[in-house]
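Keep the sequence and the fold side by side as you read.

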Amino acid sequence: MRVTDPADPPASPTADGASGSDPYASCDAARAAGAAPLHRGDPGYSTRLDGDGDGVACE
């Protein structure tokens, strides 16, 4: 496990605006990548993208 140094900068966004741990900045980005819909547990799933909280994002 990596210990985070308080001086470490936060994860920087990727070119599409997503952070390193959240690969899709929006559902449009997930759809463009052919990844939507995203289910809880899938790579790229984020509660931020799951508007109704049902475990399926970008439906």
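Start at Ser46, in the loop between E1 and E2. Helices (H or I, at least four residues) and strands (E, at least two) are DSSP runs, numbered from the N terminus. The model is predicted: local features need pLDDT of at least 70, side-chain atom pairs count only at pLDDT 80 or more, and totals for chains, interfaces and linings use all residues. Residues are numbered from 1 along each chain as its sequence is written, and side-chain values use heavy atoms, with hydrogens and water left out.

Is Ser46 buried or exposed? Ser46 has a relative accessible area of 11%, so this residue is buried. The cut-offs are these: buried is under 20% relative accessible area, exposed is over 50%, and partly exposed is in between (1.4 Å probe, protein chains only). Setting aside residues up to four places away in sequence, Ser46 touches Asp22 and Ala57. Contact here means heavy atoms within 4.5 Å. The side chain of Ser46 also reaches the backbone nitrogen of Arg48, at 3.1 Å. That is a polar contact: a pair of N or O atoms within 3.5 Å, where, within protein, one must be able to donate a hydrogen and the other to accept it, and residues adjacent in sequence count only if both atoms are side-chain atoms.

Asp50 is found in the loop between E1 and E2. Asp50 is buried yet has no salt bridge. The nearest side chain of opposite charge is Arg40, 4.3 Å away. Lys and Arg count as positive and Asp and Glu as negative, while His and the chain ends are not counted. A salt bridge needs a side-chain nitrogen of Lys or Arg within 4 Å of a carboxyl oxygen of Asp or Glu. The side chain of Asp50 does reach the backbone nitrogen of Gly53, at 3.1 Å. Beyond four places in sequence, the residues Asp50 touches include Arg40, Tyr45 and Val56.

Where does a salt bridge form? A search of the whole structure finds one. Arg31 pairs with Asp28, the closest N and O atoms being 3.4 Å apart. Both lie in helix H1, three residues apart, about one turn of the helix. Arg31 is partly exposed at 42% relative accessible area, and Asp28 is exposed at 57%.

Now turn to the disulfide. The count comes to one, using a cut-off of cysteine sulfur atoms within 2.5 Å. Cys27 is joined to Cys58, S to S 2.2 Å. The pair links distant parts of the chain, 31 residues apart: Cys27 sits in helix H1 (residues 27–32), Cys58 in the segment after strand E2 (56–57). The torsion about the S-S bond is about -80 degrees, so the disulfide is left-handed. Both cysteines are buried, Cys58 at 6% relative accessibility.

The backbone has two features to check. Most residues other than glycine have a negative phi, and most peptide bonds are trans. Cys58 has a positive phi, near 60 degrees. The peptide bond from Ala36 to Pro37 is cis, with omega near 0 degrees. Pro37 is found in the loop between H1 and strand E1 (38–39).

The largest nonpolar core has eight residues: Tyr24, Cys27, Ala30, Leu38, Tyr45, Leu49, Ala57 and Cys58. Such a core is a set of buried Ala, Val, Leu, Ile, Met, Phe, Trp, Tyr and Cys residues joined through side-chain atoms within 4.5 Å. Tyr45 touches Leu38 and Ala57, among others, not counting residues up to four places away in sequence.
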